[in-house]
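Below are my notes as numbered points, to be read with the model open beside them.

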Amino acid sequence: MILEQAQSYYRATANAMPERAPLAADLTADVCVIGGGFTGINTAIELAQRGLSVVVLEARRVGWGASGRNGGQLIRGIGHDVSGFAKYVGEEGVGYLQRAGIESVALVGERIREHGIDCDLRWGFCELANTPAQFAAFKDEQESLAALGYVHETRLVGPQDMQQVVGSNIYAGGLVDMGSGHLHPLNLVLGEAQVAESLGVRIFEHTEVLELIHGDSVQVRCAGGTVRAAHLVLACNAHLEDLEPRLSGKVLPAGSYIIATEPLSVERASQLIPQNLALCDQKVGLDYYRLSATGACCSAAPAIIRGAIRRISPLTCSPSCSRCSRNWPTPPSSSSGAERSASPPTASPRWGG
Ligand SMILES: Cc1cc2nc3c(=O)[nH]c(=O)nc-3n(C[C@H](O)[C@H](O)[C@H](O)COP(=O)(O)OP(=O)(O)OC[C@H]3O[C@@H](n4cnc5c(N)ncnc54)[C@H](O)[C@@H]3O)c2cc1C
């Protein structure tokens, strides 16, 4: 059964979600985009702005995939250090990747601003060091950002000052970056879909692409009709499956799982994340969390590669979950001030993707 929209905190707090009809006729377009997440919708916007006719086909609803249920962290970079790619793309290529990781955040921010997309955007992010060595490396990161011409404020936070950014005493330091932030991802992609439609993009929901027939043009076959297009964009993320066999074998699905707490009191929220920054640590199976606009704390568990040794189900997370307890060890009753950690809040909805 195909779920209409994954149940999540975001679904429960989404803006209007106008339902779009499925494809029910044969159409032609310059470009057919498959997938109604960030990749598909923003590609459609960019192409439509350049005067091309675009059709987007989405198997479920816009934002059904990772785009509508992620951690909401809008953070520069592409997830890890790219310098190791120099032997493949050269130093120039590495510089390009680094700038692309910065420009992508700016582009999202600009799109939100230009179109007034209501998605609770808050600027400010702090990378959390799990070890002193990681904290020492933050200085290099700050310097290389400056060398790239990064225009936003960055500042190092020493171990003794960490309570200014997170109500936990387990971190060895932080790097605050005011050019990254956090937002409501489902409302972002819903708003972007409206922008796309205002530019003439035709979006069809409940329209699973069943077959691609390549020729002078590509025929994109669905149950209700076929789109014939000069160009095709596959924006299916890990849901590509066997649609394009040349790519399917190269896609390695991974999962990540999130819990949202019950809404927190203002005092509790400001104790946990005093400056309302997005927070993310340095582990491979990283922890990242933030406060939502309604005062819930959305906390995410690690990405787990399907079929790998360890798999954490969202259902294993509970108010007494060891991950949460580790990040927010319950303070001894006599402790206070800089030594104090906030205890973990109670979890309510859980979801993954
Ligand atoms: C739990 C979780 C937390 C995350 N947290 C963050 C975060 O905090 N910050 C961050 O930057 N990134 C985060 N990510 C990653 C980020 O969400 C994804 O990289 C991004 O959303 C991918 O967008 P997309 O458009 O490529 O894919 P998706 O949003 O997954 O969209 C793909 C779409 O393609 C459709 N589709 C697939 N096959 C077909 C077909 N045959 N026919 C028609 N439609 C089809 C699907 O229905 C789906 O809607 C997280 C991901 C997850 C799962």
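1. Which of the 32 residues around the ligand come nearest? Gly35, Gly37, Gly65, Gly71 and Gly353 do; a residue is counted as near a molecule or strand if its C-beta atom, placed from the backbone, lies within 6 Å of it. Before going further, please keep in mind that this is a predicted model: local features need pLDDT of at least 70, side-chain atom pairs count only at pLDDT 80 or more, and totals for chains, interfaces and linings use all residues. Residue numbers start from 1 along each chain as its sequence is written.

2. The make-up of the ligand shell is worth a look. By class there are 16 polar, twelve nonpolar and four charged residues. Here Ala, Val, Leu, Ile, Met, Phe, Trp, Tyr, Cys and Pro count as nonpolar, Asp, Glu, Lys and Arg as charged, and the others, Gly among them, as polar. Helix α2 (residues 38–49) gives the most to this shell, with three residues.

3. On the overall fold, the protein has eight helices and 17 strands. These are DSSP runs numbered from the N terminus, with helices being H or I of at least four residues and strands E of at least two. Of the 353 residues, 37% are buried, where buried is 20 or more other C-beta atoms within 10 Å of a residue's own, exposed is 12 or fewer, and partly exposed is in between, with C-beta atoms placed from the backbone. Taking contacts between residues at least 6 apart in sequence, 73% join residues at least 24 apart; a contact is a pair of residues whose C-beta atoms, placed from the backbone, lie within 7 Å.

4. Now the confidence. The average pLDDT, the predictor's confidence in each residue from 0 to 100, is 86 for the protein, and 84% of the residues score at least 70. Over residues 301–319 pLDDT stays under 50, and the model has 37 contacts beyond four places in sequence for them. Residues 330–341 are also below 50, and this stretch has 13 contacts beyond near neighbours in sequence.

5. What is the strand order in the open sheet of six strands? The order is β7-β2-β1-β10-β9-β8, and the pairing is mixed; two strands pair if DSSP finds at least two bridges between them. β7 (202–204) and β8 are the edge strands, each pairing on one side only. On average, neighbouring strands of this sheet are turned by 40° against each other, direction ignored. Axes are lines fitted to C-alpha atoms, for helices over the stretch in contact, and angles run from 0 to 180 degrees between N-to-C directions.

6. Within that sheet, β1 (residues 27–34) and β2 (residues 54–57) pair in the parallel sense over four bridges. Cys32 has Val55 in β2 as its bridge partner. Helix α2 lies across β1, β2 and β10, and runs at about 175° to β2.

7. Two hairpins follow one another. β8 (residues 209–214) and β9 (residues 218–222) run antiparallel and are joined by five bridges, with three residues between them in the hairpin. In β9, Val218 is opposite His214, while Gln219 is opposite Ile213. β9 also pairs with β10 in the antiparallel sense over five bridges, and that hairpin has two residues between its strands. There, Arg221 stands opposite Thr226 in β10.

8. I would also point you to Arg69, in the loop between β2 and β3 (73–74). Is Arg69 buried or exposed? Arg69 is buried, because 23 other C-beta atoms lie within 10 Å. Its C-alpha atom is separated by 6.4 Å from that of Leu186, 117 residues apart along the chain.

9. Finally, two backbone details. Asp120, in the loop between α3 (86–115) and β4 (122–129), has a phi near 60°, a positive value in a residue other than glycine. Asn237, in the loop between β10 (225–234) and α6 (245–248), has a positive phi of about 55° although it is not a glycine. Asp120 has 17 other C-beta atoms within 10 Å and is therefore partly exposed. Asn237 is partly exposed because 17 other C-beta atoms lie within 10 Å.

How values were computed
Contact = placed C-beta atoms within 7 Å.
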